[in-house]
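This briefing is meant for a reader who is meeting the structure for the first time.

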Amino acid sequence: MGWLFSDFRRPAGERPGPVWWSFVVVATAVLLSLPLTLDLAQLLDLSVVFVLALLALSMSFLWGYVGILSFGQTAFFGLGGYVYAVAAMNWGDTTLPFLLGIAIPLAFAALLGVFMVYGKISDIYFSVMTLVITLILNRAMRATSGDQYVIGDVRLNGQNGIPGVPPLQVPWDSSVTLFIDHVYYLSVVLAVLVYVGLRLLLTTPFGRILVGIRENERRIELLGYDARRYKFAAFALSGGIAGLSGTMFAIWGNFVAPEMFGLGQAAEVIIWVIVGGKSTLIGPIVGTGVIQYLTSWLGTQGVGQVTLVLGAILIVFVLLFKDGLVPTLGAAIARVFAGRRESGGGGQ
Amino acid sequence: MDTLLVYAYQVAFSFSIFILISLGLAVIFGMMRVINLAQGEFIMLGAYACVVCTAFGLPLWLAVPAAGLIVGLIGIAVERTVIRFLYGRVLDTLLATWGLSLLLVGLVTTLAGPQSQSVPADLGGVSLGGLQVPAYGLVMIGSALAMLVGTYALWRFTNLGLIVRGTMQNPEMARALGTNTSMIYMLTFGFGSALTGLAGALLVPLFGASPTMGLFYIAKAFIAVISGGPWPLLGTLSASGLYGSIDGIVSFAFSSVLGEIAVLLVAILMLRLLPQGITGRLRKGL
Amino acid sequence: MNGDPKGILQTRGLRKTFGGVHAVDGVDFLLTEGELRCLIGPNGAGKSTFFKLITGQLMPSDGQIFFGGSEVTTHASHEVARLGVGIKNQKPDVFDGLSTRENLWLAAQFAHDKAGAIEQVEQVIDRLQLGAFVHRLVGELAHGQRQWVEIGMVMAREPRLILLDEPSAGMGQEERLRTAELLKELNRTTTIVVVEHDMQFIKRIADVVTVFHRGRVLREAKVDVVLNDPEVRDVYLGRTEVT
């Protein structure tokens, strides 16, 4: 049965095989049929997992495959949400705001990329600077509670956030808006598309060069590639995906608030990715689901401070389970099968 | 003339805050290369230690050094249980200390509640060119300078300081010469934590203590130390001077949020213009 | 100002200073297209620094570098590489987390279209007999095998000039012979500069040898002349008072 897992263990640069494709199709079919059995409240809870999984994917793509840890993902996430909210509330229409919710974070990431990637700052300063930018955006957004902070007709409302963000309309008919179950379908489809898209991207020359940069940036340069161009493009792309996640979050909750930019949010993304395992793309999606359910369960148990538990989880995973759940479990399963049969698959 | 004096006070005040919050980080990150994201929470712990000490009847001028000592000991405990397994693994250190940061915020919220607490300084005001400024502000400016000079003197003129600098620059060689480098790392981390705790305690009479207060300082501290470059103390001093001036002037003229945003923008520009930091062109040293 | 039209690679007064030490101290170097040149000299003579200056891994403190007649002194690594300079650094400098085939593909992909790149990879695999470990991660290979992978990556780029920093280090006698044969074969189409310590290896491949000492060019002559030069022998035996 080892062949079942070999598709997930082959090097990222190689094309995924039929087992992987069947997994994607079956998983998507199962997820899309869930609304038949779940009630609306459960669907609402499940939708946000896929919305946030987009955010986790944007981070793990950059971190696991290019080797850059960006804390700016939450900045792009928050920006996407606010752009959608402000634009949709001003214009009434939602199609263009939806696209802007992706495009503006992408442009902002590109702008930062010009300074940081082309400034050739080291990877670790990159991490710290993106964190600082996220914090300052959060502080700035919190300070917009006065009446003078208005964009168009929309008050930014400081730390109270903006309520009443309009639901998404169908592009061809603005009188039809998406209801809870439609938002669920959309989140699942977007998460699957981004997952498959990123997985296939890694098999293209662009994707393989990104992995090469993670492995040995100097050698990539000596082969004639301008590593900065690729890092810049990857950073902008991940900013766009994070913006999409933020836009979907605003649509899902009809609400945006400065917490979207916050350190707490940034920490949660990191925890999803670490717990799931950054060396795979499926890991962060699993991690998002596990931690989301854990936090909401902790909330109902009244254990007090959820941040305390999350902090402890983060420390334990960094010190003891660096690879995360999915790769650790995968390796364990592979060991079991390798024990039974001699044919061990190559690669990892 | 009066406005000039007030501006001078504002700049000196912002400058001293920058020095206070980034001095501990200059030791822990600047010298030891440990990215400690729980730095803001160490400030918070210092503030709470000060609140608790005064609640037990200690006068403020004793509670502040006591808070420094307490946070120093906490720092040593953290170094022994978490940090020492992660030397050389920069990113893991960053993540683990972030976990620590969340854990500490959660812990203190559970124990002390989310509300802000404060200790009054009761020093009254001082007339400065016809304008009243709080005397405690002057105390803070003085303390910041004293801590900076004290740290410099400790590193530069004592045998311990020499051993520490040697260990940070070449641990293998220091070990070969018989230094217990593990102990030196522990003590240096503890010293940096103590400086941070001291800063937190000094800030209490002005800004109070609350579980999430670390957030307000962590970004500024990292900006100052990173912009400072490879000479941690000199770099932190000059970066604090630069950002303190910008923050002081813009905050006073417009608003404190604009001050912070101005600082961030200048910091990003600095990174582009001087990627090695302000002291990057000097040869590596203290 | 342009370089010598005969030379594929030329440096004029090239200098690199690290904190007061002149690692490369005014090197004038001229290499003609089609040569196979050996660089020798004791450790710390500046050979590796010289390579790094040419390939843009380090910026010169002073002097000029010309490649194919045009100045490349301040070019970044990837720009020099695009002009057709390939380098194997002293320590294996490969993608440890990728398979052998992926390593080679990353190199070949740059210079070829899709089908051409795959064909090029297969050719290199055949030529270097890497077939046994195409799917293994390069990080898991033995030191000598990783050297071969790196040489393969340089070849797959099909550069005009190849710089090899100690290609036979860590190899057994048989592998050294194979490497020497490979270099001679490559030299039919490519200009090559090799840094080496092994005199047998040098005698086997080189025509003209350049001797570095203390960041300068001490001698430059035919291999047998250089190896019989008393001054060069002094340098290698560690007597440093060169007059």
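The model is a predicted one, and its local features are described where pLDDT is at least 70. The contact between chains A and B takes 31 residues from chain A and 33 residues from chain B, while the largest nonpolar core has 266 residues. Chain C, for its part, comes to nine helices and ten strands.

- On the side of chain B that touches chain A, the elements that give two or more residues are α4 (90-112), α9 (214-228) and α11 (256-273) of chain B.
- The most is given by α4(B), which supplies 17 residues to the side of chain B that touches chain A.
- Sorted by class, that side of chain B has 25 nonpolar residues, together with five polar and three charged ones.

**The largest nonpolar core**

- Within this core of 266 residues, A:Leu54 and A:Val132 are the residues with the most contacts.
- Helix α1 (residues 2-31) of chain B contributes 16 residues, which is the largest share of the core.
- When neighbours within four places in sequence are left aside, the residues in contact with A:Leu54 include A:Leu190, A:Ala191 and A:Val194, as well as A:Ile241, A:Leu244 and A:Met248.

**Chain C as a whole**

- The radius of gyration of chain C is 18 Å, close to the 18 Å that the globule rule gives for 243 residues, so chain C is as compact as a globular protein of that length.
- Taken along the principal axes, the box filled by the C-alpha atoms of chain C is roughly 55 × 40 × 35 Å, and 48% of the 243 residues of the chain count as buried.
- Of the contacts in chain C between residues at least 6 apart in sequence, 63% join residues that are at least 24 apart.

- Strand β1 (residues 7-18) of chain C is joined to β2(C) by nine bridges, in an antiparallel run, and C:Gly7 has C:Thr32 in β2(C) as its bridge partner.
- Strands β9 (residues 208-213) and β10 (residues 216-222) of chain C run antiparallel and are joined by six bridges, with C:Thr210 standing opposite C:Glu220 in β10(C).
- These two strands, β9(C) and β10(C), form a hairpin with two residues between them, and C:Arg214 in the turn has a positive phi of about 50°.
- By pairing in the parallel sense, β6(C) and strand β7 (residues 161-165) of chain C share four bridges, and C:Gly86 has C:Ile162 in β7(C) as its bridge partner.
- Along strand β6 (residues 85-88) of chain C, C:Val85 and C:Ile87 point one way while C:Gly86 and C:Lys88 point the other way, and all are buried.

**A loop residue in chain A**

- A:Ser145 is found in the loop between α6 (123-142) and β1 (150-151) of chain A, and counts as partly exposed because 14 C-beta neighbours lie inside 10 Å.
- Beyond its neighbours within four places in sequence, A:Ser145 is in contact with A:Asn157, A:Gly158, A:Gln159 and A:Asn160.

Key:
Residues are numbered from 1 along each chain as its sequence is written. Chains are lettered from A and ligands numbered from 1 in the order in which they are written. This is a predicted model: local features need pLDDT of at least 70, side-chain atom pairs count only at pLDDT 80 or more; totals for chains, interfaces and linings use all residues. Two residues are in contact if their C-beta atoms, placed from the backbone, lie within 7 Å. Ala, Val, Leu, Ile, Met, Phe, Trp, Tyr, Cys and Pro count as nonpolar, Asp, Glu, Lys and Arg as charged, and the others, Gly among them, as polar. A nonpolar core is a set of buried Ala, Val, Leu, Ile, Met, Phe, Trp, Tyr and Cys residues joined through C-beta atoms within 7 Å. A residue is buried if 20 or more other C-beta atoms lie within 10 Å of its own, exposed if 12 or fewer, and partly exposed in between; C-beta atoms are placed from the backbone. Two strands pair if DSSP finds at least two bridges between them. The radius of gyration is taken over C-alpha atoms; the globule rule is 2.2 Å times the number of residues to the power 0.38.
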